[in-house]
Each structure stands twice: as structure tokens, then as C-alpha cells.
Amino acid sequence: MMITERRSFLRAATAALAASPWLTHAGQGQSAQVSAQTPAPHDMSAMPASWTGKEQIGMLLYPGMTALDFVGPQHMFAALMGAKVHHVAKTLDPVVSDTQLALSPTVTLEHCPRDLDILFVPGGGAGTIDAMRDAQILAFVADRGRRAKLVTSVCTGSLVLGAAGLLQGYKATTHWATHALLKEAGAISVQARVVRDRNRITGAGVSAGLDLGLAIVGMLRDPAYAQTVQLLAEYAPEPPFDAGTPRTAPPAVTTMVADMFKDFELQAHAALARTKVSRPASSR
């Protein structure tokens, strides 16, 4: 479904919600019962004003990133009515993910808005190591991150935040196999699906991006809005195997996956060590 089509469906759905006499809208610590005399469904005046924003969202793209790290949150962010989602890369050429899926940037690092409501960084494997070594990417992340209202990541994207000096003293999560690296990034490692510490919000591995994106939608709008987005996406996971974390996966499978990350850990360790001298400490 195209973004414009999805937003049209969302507008219709949220207008219908707003017209419902039983909906209680919670916002800013207050609740307001929507009157039974509200306009008919699809009348945009029926929606609470808080359901439309004007957020500027910058989502970083870099070669070799994991596509689902990006696409999951992007689906949720794109459902924020009134928000502008920027796909940010060094050039406007298509960016090829680690599985050869090409994604289209909409703006370059240079021309991305300076003051973002959300800065988002996806993770990956070798491509993430390259991003952690890329002075231009790190400068962009550090610059926008110092001013962004929310600084976010999924999977090993948190290590890019760390390399840019944005996780000093913050609780954070990452892919389960790379948690040991968070300490080297100056963060406090927390084993959780989504971790929020002040204005830093980080997600665990890959599929956790859906949870992170949906959680942020709920923060920026309200639960009813986020529930509408969730239902439109039919996001109700029932995986065919109970092996999504080391707690439930067979030990042999966990060992095999952990071994896949050994080279990544060595390279990420070296990349983080190299940035420690020059990276600025965050003040937020």
C-alpha cells in the first residue's frame, strides 16, 4: 500500500474512531469524552487536533544496512498524519541493503533538515561497520542527534549512535548477539525489545523495529491512533517457531548464530575504539 493510500485509510479510520461516542481521547494527562454529536465518520473535523502533527523525521540509509531495520519503523512513521519522513543518504542514488533490496533516498545528508523530531539509524552487518568508520555519516548522526527531539535506532544501529557519541550514559538495547559492545559505546546495556531513556529510544534486533515504530506512534499521537495503525498493518505476530530469542531457541541454533557475529564484534570493537578520542559526549 502506498504511503498516500495508507494515510487516506488512516484518516478514514481515525475519523470514524473520533466519531464514536464511546471513544475516550487521552492526551497531555487529560481525557476528553468525544460527544455523540460529533460529525459523521470521514469528516476530518471529527478528529482530535493532536492526531495530526508536523514532525520532521530523518531515517538514515547506508549501503549494506538491513532492509527490515529500516522498513518496519518507516511503515509506522509514514502513518503519522502531517509528518514528513526523509530517507537520508550520502547521495540520491539507490541504496542497496545487505540482501540486495534497493531503497530510494529522498534527501542527502547535506540537505536533510537540521532540526529533526526523530533521527533514526538502522543496523546491519558489514555495512554497519563501514558506517561506523565513515566520518561523514558519523558527523551527520552526531550533528542531527544533538538537536533531535528523539534519537532512535534498531538492531546494531545503536552502535552507530554510540560511535557518534550519542549513547554516553544512556540505557540502550541492540541485537542480542552484540550487547557486549554497548558498554564500549558508552551505553548501559538493557536486554529488552524497546528501551527508552530520556530522548533515546533503541530497539533490539531487526523485527523489533516494528515495535519501536509503533511505540513512537503512540507517544506522538495516542493509544487509539497507534492501535489503528497496528490494526491496519494487522500486526499480530504468531511466528511458526518459538526461536526468536536465545531464551527460547535451541542451544545449538543460538551458538551457531552467535558464531556468525564473532567477526562483526571484532570489527565493531575496533571501530568504536577508534572513535572514542574524537566523539563528543552527549549533553542530553
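In the predicted model, R198 is found in the loop between β12 (194–197) and β13 (200–203). The phi angle of R198 is near 55°, a positive value in a residue other than glycine. Q100 is placed in the loop between β5 (95–96) and β6 (102–103). The relative accessibility of Q100 is 63%, so this residue counts as exposed, the threshold for that class being over 50%.

The strand β3 (56–60) was examined for its pairing and its surroundings. Four of the five residues of β3 are buried, and the strand is therefore largely enclosed by the rest of the structure. β3 runs parallel to strand β4 (residues 84–89), and five bridges join the two. Together with helix α2 (residues 67–77), β3 and β4 make a β-α-β unit that is right-handed. β3 also pairs with β8, in the parallel sense and over three bridges. Here the residue opposite I57 is I118 in β8.

Salt bridges were counted next, and the total comes to ten. One of them joins E55 and R221, with the closest N and O atoms 2.7 Å apart. E55 lies in the loop between β2 (30–33) and β3 (56–60), whereas R221 lies in the loop between α7 (208–220) and α8 (223–232), so the pair ties together parts that are 166 residues apart in sequence. Both E55 and R221 are buried.

A further salt bridge is formed by R114 and D143, whose closest N and O atoms are 4.0 Å apart. This pair also links distant parts of the chain, since R114 is in the loop between β7 (107–108) and β8 (118–121) and D143 is in helix α4 (residues 135–147), 29 residues away. D143 has a relative accessible area of 15% and is therefore buried, the limit for this class being under 20%. R114 and D143 belong to a network of salt bridges that links R114, D115, D143, R144 and R147.

The side chains of K262 and D259 also meet in a salt bridge, at 3.3 Å from N to O. K262 is partly exposed, with a relative accessible area of 49%. D259 is likewise partly exposed, at 39%.

Three aromatic pairs are present in the structure. W51 and Y225 form one that is edge-to-face, with 6.2 Å from centre to centre and 70° between the planes. W51 lies in the loop between β2 and β3 and Y225 lies in helix α8, so the pair ties together parts that are 174 residues apart in sequence. W51 and Y225 are both buried. The rings of F261 and F264 have centres 6.2 Å apart and planes at 80°, and this pair is therefore edge-to-face. F261 and F264 are both buried.

Charged groups are also found over aromatic rings. R221, which forms the salt bridge with E55, lies over the face of Y225 at 5.7 Å from the ring centre. The ring of Y225 also takes part in the edge-to-face pair with W51. For R200, the charged end sits over the ring of Y170, 4.3 Å from the centre of that ring.

Finally, cysteines were considered. A disulfide is a covalent bond between the sulfur atoms of two cysteines. The structure holds zero disulfides. C112 has a relative accessibility of 2% and therefore counts as buried. C155 is buried as well, with a relative accessible area of 4%.

Notes. Residues numbered from 1 in each chain as written. Heavy atoms only, no water. Disulfide = S-S within 2.5 Å. Buried < 20%, exposed > 50% of the residue type's maximum accessible area, 1.4 Å probe, protein only. Pairing = 2+ DSSP bridges. Right-handed = clockwise from strand over helix to strand, strands pointing away. Phe/Tyr/Trp six-rings, centres within 6.5 Å; stacked < 30°, edge-to-face > 60°. Lys NZ or Arg CZ within 6 Å of the ring centre and 35° of its normal.
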